[in-house]
Amino acid sequence: MTSPTDSAHPRRASVAVRVGGTVVGNREPVVVQSMTNTDTADVVGTARQVAELARSGSEFVRVTVNNPESASAIPKIRDRLAMMGADVPLIGDFHYNGHQLLADEPAAAEALAKYRINPGNVGFGRKKDSQFSAIIDTALRFAKPVRIGANWGSLDQTMVATLMDENHTRPEPWSAAHVAREALIRSALDSAARAEELGMSREQIILSCKVSGVQELISVYRDLAARCDYALHLGLTEAGMGSKGIVASTAALGVLLQEGIGDTIRISLTPEPGESRTREVIVAQELLQTMGLRAFTPLVTACPGCGRTTSTLFQELAQSVQSHVREKMPEWRIKYDGVENMTLAVMGCIVNGPGESKHADIGISLPGTGESPAAPVFIDGQKAMTLRGDNIALEFIDVIETYVARKYAARSGG
């Protein structure tokens, strides 16, 4: 695991919360989580997707628990994951009826590692406190932490009305957006205070205040972080699809993480048709890794291409190398210490190719248009060989495999 870069601000101090075997907060590494989009009542399908997300690097996986069928499926999913060797904490996502589902399905309450509560819809009117209290009581009985997650799209309207009335009495009234942000933060903080009154410790509470706008998210979390020391979960409520979702998420979370705010993150991408759900995990990992906050898998520095690189060889090789190391990481992670910090470079011509390749642990400089059909390979800053012919990709991957086995010490029992 890499340390924060010299330019990064110190991580915000927050209370440590244990979720399964993982500690969130207390300046521990930022945790990556994701969420399934299967029908949770489909035990086989949900377990398969949870396992896929876990294998891709998701450290927590959240599942929807919205009806008796999904609640009763939770322990079965947990058991199937154990048989699959997928040891990942399951988070239950509750809205409206969580108090009833947890009461009716104690096996689900036991199998889940954490409960997510939305203070905007945990209950309404006189039922709100009793239903919120029921979930907290269950969490206390089973020694489970909770995430109290307020959402812009499901704000507590009673809280909004109260704050609007207060705002009318201000000498200089806030804007409507400011009132909404305050309602979001107060909803989370007041619910956390109520949970503590009911007997929950600060070491069992994580907060989130999610919105869908980049600037709004940054403003909300800066304010929230200044007003509490609870562990914080970051993420846009709905980031969007494709490059829009990736850009919005990294723009918002990158600013907050650089300021030391955030203990666990999710990139809420809308999958494109046929796209794997694991894309959101990879984006979260790459965000943390490119910021120097964590290391998950060797990343490939690759030439963007220009008029000197009319061949697609370097693009195809970069893609093959990145895919190969991602596929190998589950095995490498078990066998080798520090392999996730390895740096690779696939360059397209003589201009920057040799220089960039020397800066990487392993780099290759492919021939540009009109250059000699040879590809020098650099290992630890020194030219080690030159590859030629039609099998450069396979030969270069073999060089990587040999380097990993030689360079990184085997773990005990690996």
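A cavity is a set of points, on a 1 Å grid over the protein atoms alone, where a 1.4 Å probe fits but cannot get out; lining residues have an atom within 4 Å of a point. The structure is a predicted model, in which local features need pLDDT of at least 70 and side-chain atom pairs count only at pLDDT 80 or more, while totals for chains, interfaces and linings use all residues. Residues are numbered from 1 along each chain as its sequence is written, and side-chain values use heavy atoms, with hydrogens and water left out.

**Exercise 1.** Find the cavities and describe their linings.

Solution. 
- Step 1: The whole structure holds 2 cavities of 30 Å³ or more, where a volume is the space filled by probe spheres set on the points, and grid points are joined across faces, edges and corners.
- Step 2: The largest cavity contains about 40 Å³ of space. Its lining consists of F94, H95, Y96, N97, G98, H99, I117, N118, N121, V122 and I135.
- Step 3: Sort that lining by class: Ala, Val, Leu, Ile, Met, Phe, Trp, Tyr, Cys and Pro are nonpolar, Asp, Glu, Lys and Arg are charged, and the others, Gly among them, are polar.
- Step 4: For the second largest cavity the volume is about 30 Å³, and L269, P271, E275, S276, R277, R279 and E280 line it. This lining has 2 nonpolar, 1 polar and 4 charged residues.

**Exercise 2.** Describe the largest pocket.

Solution. 
- Step 1: A pocket is an open set of points with protein on both sides within 12 Å along at least five of seven lines. The largest pocket has about 550 Å³ of volume.
- Step 2: Its lining numbers 22 residues, and A54, G57, S58, E59 and R333 lie nearest the centre. By class there are 10 nonpolar, 5 polar and 7 charged.
- Step 3: Helices are DSSP runs (H or I, at least four residues), numbered from the N terminus. Both α1 (43–56) and α11 (313–335) supply at least two lining residues, and α1 gives the most, with 3 residues.
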